[in-house]
Amino acid sequence: NITGTGITAGTSSVVDYTSGVTSVLFAAVDATRNVVIQYAYDSEQFSLYDEIGDIQLELRDHIFRARQFPLGVSWSKMTELLLDTTLGIDAEEALLQGAADELKKSLDYFALRLGYRYSLGNQLVTHNANFALAGADSELAHAQSAMKVIDQAGDIIYNAIGRGGVTNIYGGTAAINYLKLHNRFTDAGKQPRIGAHKVGSIDGIGIYKVPNNIVPADELVCSWKNENVDQDSAILFGTLIPLYSTQKLEFKEFYTEQGLAHYGDFKATNPNYLVRVKMNGLSQTTA
């Protein structure tokens, strides 16, 4: 019960300690009265210890089961002789280097496909890339609104778990070309156009282009990586052996075979860090 001068006591003036609802009934109406409610909580009062809030931290195990990702390579004796005698190239070294690059590229594609599949389960962000329908003067002018879409994707990540934004973007060819129209895009740090490769960045966000069989041409995948905690990312990679090669076998038919393999595993530990963006009305010939 709440008591005091000018207050009607009893059940009309009470505090509900379960819901926090407070009701006060004054004895008389006074239009000039200013009501100020003040309250205090003494955290050192032992009788109030049961009212102290708490949080629960849950630790989850992610078991990485090493799997074999194999790739075979073979070449003929004639190829070996021609490369050696005409170009001065060690055929075995050149072919194994090429096969290792293909293995790396296939592992990249595996992880990127995995990220895209998990992004399908999260909220979708759409953007009308048709500048005429959007009322913009030109495609170049309308492309400047792309950062607003990226920020929206970052907010979805942030709202889902209370942290995060966008640190990297990978996407299909047309969508990535559209981002390159932004006036804050820079191609610093771009990589050779082989497999999934970096084309540049926007405001420190890495931009990567992937084939359209990994991500549709008009879509992007925005992801976040916690810069303060290495393990806090959308997908973690566990590597047992980066690259292993078998002994080469030379057959009577005058060709040689050798096998390469990567041993490791992938886990999507925070799927909420992956948000898909679809660019509607996007021209496939965007330069």
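This report walks through the sheet, some helices and the aromatic pairs of a predicted model.

## Ground rules

Local features in this predicted model need pLDDT of at least 70 and side-chain atom pairs count only at pLDDT 80 or more, while totals for chains, interfaces and linings use all residues. Residues are numbered from 1 along each chain as its sequence is written, and side-chain values use heavy atoms, with hydrogens and water left out.

Helices (H or I, at least four residues) and strands (E, at least two) are DSSP runs, numbered from the N terminus.

## The sheet

Let us start with the open sheet of 7 strands, whose order is E4-E13-E9-E5-E8-E7-E6, with mixed pairing. Two strands pair if DSSP finds at least two bridges between them. The edges belong to strand E4 (125-128) and strand E6 (185-186); each has a single partner strand, so one side of each is left without a neighbour in the sheet.

Lys198 has Tyr208 in E8 as its bridge partner. The E7 and E8 hairpin has 2 residues between its strands, and Asp203 in the turn has a positive phi of about 50°.

How is strand E8 (residues 205-209) placed relative to the rest of the structure? It is largely enclosed, because 4 of its 5 residues are buried (under 20% relative accessible area; exposed is over 50% and partly exposed lies in between, with a 1.4 Å probe and protein chains only). E8 pairs with E5 in the parallel sense over 4 bridges, with Ile207 in E8 as the bridge partner of Ile169.

## Helices around the sheet

Helix H2 (residues 91-119) lies across strand E5 (168-171), strand E9 (219-223) and strand E13 (274-280), and runs at about 80° to E13. Here axes are lines fitted to C-alpha atoms, for helices over the stretch in contact, and angles run from 0 to 180 degrees between N-to-C directions. Contact means heavy atoms within 4.5 Å.

His142 sits in helix H4 (residues 139-142) and counts as buried at 10% relative accessibility. Leaving aside residues up to four places away in sequence, His142 touches His127, Asn128, Ala129, Asn130, Phe131, Ala134, Ala136 and Tyr178.

Helix H5 (residues 146-161) has 16 residues, which at 1.5 Å a residue should span 22 Å; its end C-alpha atoms are 24 Å apart, which agrees. The expected span is 1.5 Å times one less than the number of residues. Among the buried residues of H5 are Met147, Val149, Ile150 and Ile156. Gly162 follows H5 and has a positive phi, near 85°.

## Aromatic pairs

Rings of Phe, Tyr and Trp (its six-membered ring) pair if their centres lie within 6.5 Å; planes under 30 degrees apart count as stacked, over 60 as edge-to-face and the rest as tilted. The count comes to 6 aromatic pairs. One of them is the edge-to-face pair of Phe69 and Phe110, at 5.7 Å centre to centre with 70° between the planes. This pair links distant parts of the chain, with Phe69 in strand E3 (residues 67-76) and Phe110 in helix H2, 41 residues apart. Phe69 is buried at 15% relative accessible area, whereas Phe110 is partly exposed at 30%.
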